[in-house]
Amino acid sequence: QTTYTDKGEKPEKGKFVKFHHVTFWVGNAKQAAVFYCDKMGFEPVAYKGLETGSREVVSHVIKQDKILFVFESALNPGNEEMGEHLMKHGDGVKDIAFQVEDLEFLIKKAKERGAVVVKEPWIEQDSYGKVKCAVVQTYGDTTHTLIEYLSPYKGLFLPGYNAPVVKDCLLPKLPPGLLNFIDHIVGNQPDDAMVPVSDWYQNCLLFHRFWSIDDKQIHTQYSALRSIVVTNYEETIKMPINEPAPGVKKSQIQEYCDYNGGPGVQHIALNTSDIIQAELKILVDFDDKGYLLQIFTKPVQDRPTLFLEVIQRHNHFGFGAGNFKSLFEAIEKDQDARGNLTVYN
Ligand SMILES: [Fe+2]
């Protein structure tokens, strides 16, 4: 396990401020949003759809403290982009949006260094304010939207969104979720793709390595993985990048890639300051300075792909290496039940 202290040179201009929101492309956005509200303590906050003049795509935005998730589905038959995405990946994360400063500089730098810009900078505005956005391609079909506030935004979410149309009567009766912000978002890669992807973040987004771990440290009796965590200069955005490593049986990272149809977001970790309220079977990791507590959900859709983590930190900035073994053994049990803990080849 390696912790890096060299943040590299401070970028001359531009800044990644924080995770802004995560967009999921799903078969039924209305129902998916309700699942996260009822199970995880989110609340509907904004909406875009037929009623607001959005004729192609519906978006349900839910919120918990600083965490914003957006669920999107196609409204019309024949939406090839969203249809093919759904056919290939199933329900999952399409885009991780970052709030930035000096978007034009960041996009120019990313382009110079070989990043694919999916959508050149454009402006979104309504009577509540004005933002500039751009979209870059990262691993697989996943993208990053960069968002810069050109004026303080006073609306519910972003320009173009209205109040939610659905009222969930169950929500006021449920206990609060106590989740506060996105701690990290992990991307699974196929064999030998971890280093090129982490290099992409370092080159194109001016991130640096924060932490890494190899398969000698993360393995069970059967399977293994490697991981590199990259982060922005201010270290407010943490993006661990995983790849499978050879073992006796198929790595859980490979199982993910098989079912996701290639690389994609494996889990989203949500930070809380009160994990005990949340659940049982808490995993603990520590060093001489502090500790962290973690809980992992099972996959949140039928495919064994995306799952969630709840994490509470006490002066500990690792990613639970000491817990990986027990987590992986739990996942392997499920992997075996799915008929996927097969011999490595
Ligand atoms: Fe994690």
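Here are some questions and answers on how the parts of this predicted model get their labels.

Residues are numbered from 1 along each chain as its sequence is written. Because the model is predicted, local features need pLDDT of at least 70 and side-chain atom pairs count only at pLDDT 80 or more, while totals for chains, interfaces and linings use all residues.

Q: What makes domain 1 and domain 2 the domains of this protein?
A: Their bounds come from an automatic or database domain assignment. That assignment gives domain 1 as 15–173 and domain 2 as 178–337. Taken over C-alpha atoms, their centres are 23 Å apart.

Q: How many residues from domain 1 and domain 2 take part in the contact?
A: Two residues are in contact if their C-beta atoms, placed from the backbone, lie within 7 Å. The contact takes 28 residues from domain 1 and 29 residues from domain 2. On the side of domain 1 that touches domain 2, β2 (15–25), α2 (80–89), β6 (92–101) and α3 (103–112) each supply at least two residues. Of these, β2 gives the most, with five residues. Helices (H or I, at least four residues) and strands (E, at least two) are DSSP runs, numbered from the N terminus.

Q: What classes of residue make up the side of domain 1 that touches domain 2?
A: Ala, Val, Leu, Ile, Met, Phe, Trp, Tyr, Cys and Pro count as nonpolar, Asp, Glu, Lys and Arg as charged, and the others, Gly among them, as polar. By that scheme this side has twelve nonpolar, nine polar and seven charged residues.

Q: Why is Ser-273 called exposed?
A: Ser-273 has 11 other C-beta atoms within 10 Å, so it counts as exposed. You will find Ser-273 in the loop between β14 (264–272) and α6 (275–278). Leaving aside neighbours within four places in sequence, Ser-273 is in contact with Asn-180 and Gln-312.

Q: How do you know that strand β4 is largely enclosed by the rest of the structure?
A: Six of the eight residues of β4 (residues 57–64) are buried, so the strand is largely enclosed. Helix α5 (residues 252–260) is mostly covered, with seven of its nine residues buried. Among them are Ile-253, Tyr-256 and Cys-257.

Q: Where does the largest nonpolar core lie, and which residues touch the most other members?
A: A nonpolar core is a set of buried Ala, Val, Leu, Ile, Met, Phe, Trp, Tyr and Cys residues joined through C-beta atoms within 7 Å. The largest core here has 70 residues, and Phe-24, Ala-33, Phe-69, Phe-71, Leu-146 and Val-230 touch the most other members. Its largest share, six residues, comes from helix α1 (residues 29–40). Both domain 1 and domain 2 give residues to this core, so it lies between them. Apart from it lies another core, of eleven residues, including Ile-213 and Phe-328.

Q: What makes β4 and strand β5 a pair?
A: Two strands pair if DSSP finds at least two bridges between them. β4 and β5 (residues 67–74) have eight bridges in the antiparallel sense, a count that meets the cut-off.

Q: Why are β3 and β7 said to stand at the edges?
A: The sheet is open, with eight strands in the order β3-β4-β5-β2-β6-β9-β8-β7 and mixed pairing. β3 and β7 (117–126) each have a single partner strand, so one side of each is left without a neighbour in the sheet. The twist averages 25 degrees from one strand to the next; axes are lines fitted to C-alpha atoms, for helices over the stretch in contact, and angles run from 0 to 180 degrees between N-to-C directions.

Q: Which strands stand at the edges of the open sheet of nine strands?
A: Its order is β1-β11-β12-β13-β10-β14-β17-β16-β15, with mixed pairing. β1 (2–3) and β15 (283–286) each have a single partner strand, so one side of each is left without a neighbour in the sheet.

Notes: A residue is buried if 20 or more other C-beta atoms lie within 10 Å of its own, exposed if 12 or fewer, and partly exposed in between; C-beta atoms are placed from the backbone.
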